[in-house]
Amino acid sequence: MQKAVSLFGGVALSLALASGVSAASFQENMAKCLVKNANTKDAATVMLQCTANGGKLDGCTVLSDSAPGKGFDKAALCVAQAMPMGDKSGDVKIPMRFPGGA
């Protein structure tokens, strides 16, 4: 679970600091999304296409998933709902890496 929480560490921290959202809160949301939707022992990468608007992501779709059928697409979409975007707007691609672990 620790690896699940740390998988987005740098991105989460920089986004959280930019938007004023607590990094711990965002990491908790990420961990919940991963545990709920996928096996934390498996690894995967997912690419999302979203629209940034009002500090949040909307209308996300999965462009690619290196482990189809294992729930990482759902975990990535769940994480995107909580991902702070600061003042960014427009179409964005969001790469997510789930490293897996013991």
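The model is predicted, so local features need pLDDT of at least 70 and side-chain atom pairs count only at pLDDT 80 or more, while totals for chains, interfaces and linings use all residues. Residues are numbered from 1 along each chain as its sequence is written, and side-chain values use heavy atoms, leaving out hydrogens and water.

Strand β1 covers residues 44-53, and β3 covers residues 90-98. Here strands (E, at least two residues) and helices (H or I, at least four) are DSSP runs numbered from the N terminus. β1 and β3 pair in the antiparallel sense over nine bridges; strands count as paired if DSSP finds at least two bridges between them. β1 also pairs with β2 (residues 56-65), again antiparallel, over seven bridges. There, Leu 48 has Val 62 as its bridge partner. Two residues sit between the strands in the β1-β2 hairpin, where Gly 54 takes a positive phi near 65 degrees.

## Two faces of β1

Side chains along β1 alternate: Ala 44, Val 46, Leu 48, Cys 50 and Ala 52 point to one face and are buried. Buried means under 20% relative accessible area, exposed over 50%, and partly exposed in between (1.4 Å probe, protein chains only).

The whole structure has one salt bridge, meaning a side-chain nitrogen of Lys or Arg within 4 Å of a carboxyl oxygen of Asp or Glu. Lys 70 and Asp 42 form a salt bridge at 3.8 Å, N to O. Lys 70 lies in the loop between β2 and α4 (72-82), and Asp 42 in the loop between α3 (23-37) and β1, so the pair ties together parts 28 residues apart in sequence. Lys 70 is partly exposed at 45% relative accessible area, and Asp 42 is partly exposed at 25%.
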